[in-house]
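Please consult the sequence and the structure shown below while reading.

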Amino acid sequence: MGQRSAGSAKSARNPARLGGPGKGTLADVPEPTSPPDPALPACGPYRARRVIGRGASSTVYLAEDLRSRRPVALKVLAAAADAGEGDDTRARFRAQAEAARRLEHPDIVALIDAGDSPAGPWVALELAHGCELTRYTRPPRLLPEAVVCAIGERIARALAHAHRQGIVHRDLKPGNVLIDLPAGRCRCGGRRPRPDRRAGPCRRRVAQSRPSRRIRLARAVPMTFEFLQALDTGRARTNNEDSIGLDPEAGLAVLADGMGGYNAGEVASHMATSFIRDELGRWLREAGGGATDLEVRRAMDICVDNANRAIFNAANSNPQYAGMGTTLVVAVFRAGRLLVGHVGDSRAYRLRAGKLQQITRDHSLLQEQIDAGLITPEQAAFSAHKNLVTRAVGVEDTVLLETHLHEVQPGDLVLLCSDGLSDMLDDASLAQLLQMHDSLGATARLLVDAANDAGGKDNISLVLVRSGGQAAASPRSWWPFRR
């Protein structure tokens, strides 16, 4: 990324961290123009859009932060409950909100804001995605025993964090646990909305998360992987702030898309790829095939966290690097499996049998608005705010790497890329170009040329990895944990 005009550069959710000349922030997004429904409450800067859940004492709305256009869950104390017990009910509601402020855990729904309004006391919560655990407590959706134990372990860790803060959850039940099988995520909180049943991708992802049968292969040939990388400055930039790190021996590919004024983005992306390639690559070579997928995932988390801390410290100790950060996608290829971790809007795709599938989901404002039903994917394609990311490496002192585990079959072609490629070419074009040549080098040149022909508005970086041989005789993973 280069220095850009306001509203078009990448930005993380905390504009103050990434502020400076040429940086767009969520504040650049205009307020919605549709008239509000007078029947729905307005609480501080949050405007309710529709009801998505009701409890015994409160109502939960899908709401929008009018300052940032960010979708949130707005929980408002019900008028009947407020009237029934008066000040005691309000006091309990406020006490619960204050307690929730102390909880910072990836498996606990985060409280964003709280206050009072004419509609009653309210809290704004992170808008989590997934289904209530209740959905999987009765046939025919009962989960395997190992999955149930894994969910219980994550709940226990979340509760242990709450207990260390002196907080006890008195209403723990399946309806207060939200799980996202495709992302391997389990979230604890109050009653949360089910996902919109109109969303086709949600139905497909749930179907893909079912356990597959054990496959036995006689005299399996070891799986091999062919790696290739390509970098191009594009037509509009004079320097390249994308960076790639490969370690084919370890089955490792790292791609980063930097952001920040002057050369700061270039520094951030290079720090991320070189650090993760060296540290994680060395660990993978030393561990060999004996490491479990969970151990590899933990190693990915640790290396990314260390890289994040190094970039964050550099940005805060050098004024010329202030506000720098980077997106990231990390792929570890193993026999029959692929572990993918990502932060921001750099993507991973998989081409199998002529069908292209995006296997990461952007951490961006647009993606949140799509998930919340505020805009359609068709509208997002023409948005002027494509590059507003909600998560980046080096922007805060900690970062959450979203990880997934995927099956790999012989002949699969995996593409990692920055938004300089994915913004210029839609999925149909990518799928067509990926199948035009057998040579990875020719395919990479074709993709770069096509992105430049479409405008080349940003740096272009990509990694192609093709699998060969035969998968190991092991069961397909049915529970891809998120960190």
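## Helix α5 and its packing

In this predicted model, the buried residues of helix α5 pack against β11 (242–247), β12, α6 and β13. Those buried residues are Ala264, Gly265, Ala268, Ser269, Ala272, Thr273, Ser274, Ile276, Leu280, Gly281 and Leu284.

The helix α5 contains 24 residues, and the distance from its first C-alpha to its last is 34 Å, close to the 34 Å expected at 1.5 Å a residue. After α5 comes Gly288, which has a positive phi near 65°.

## The largest nonpolar core

The largest nonpolar core has 30 residues; those touching the most other members are Leu252, Ile276, Leu280, Met300, Leu328, Val330 and Val332. Two or more residues of this core come from each of β12 (252–259), α5 (264–287), α6 (293–317), β13 (325–334) and β14 (337–343). Helix α6 gives the largest share, with 9 residues.

Met300 illustrates how parts of the chain that are separated in sequence come together. Beyond its neighbours within four places in sequence, Met300 is in contact with Leu280, Val330, Val332, Leu339, Val340, Gly341, Leu401 and Thr403.

## A second core

A separate, second core comprises 21 residues, among them Leu433, Val448, Ala450 and Leu462.

## His404 in strand β17

His404 belongs to strand β17, which covers residues 402–407. Is His404 buried or exposed? Its relative accessibility is 8%, so His404 counts as buried, the cut-off being under 20%. The side chains of His404 and Glu402 are joined by a polar contact of 2.9 Å.

How values were computed
Residues numbered from 1 in each chain as written. Predicted model: local features only at pLDDT ≥ 70, side-chain atom pairs only at ≥ 80, totals over all residues. Heavy atoms only, no water. Core = buried A, V, L, I, M, F, W, Y, C linked by side-chain atoms within 4.5 Å. Buried < 20%, exposed > 50% of the residue type's maximum accessible area, 1.4 Å probe, protein only. Helix = DSSP H or I, 4+ residues; strand = E, 2+ residues; numbered from the N terminus. Contact = heavy atoms within 4.5 Å. Polar contact = N/O pair within 3.5 Å; in protein donor to acceptor, adjacent residues only side chain to side chain. Expected span 1.5 Å × (residues − 1).
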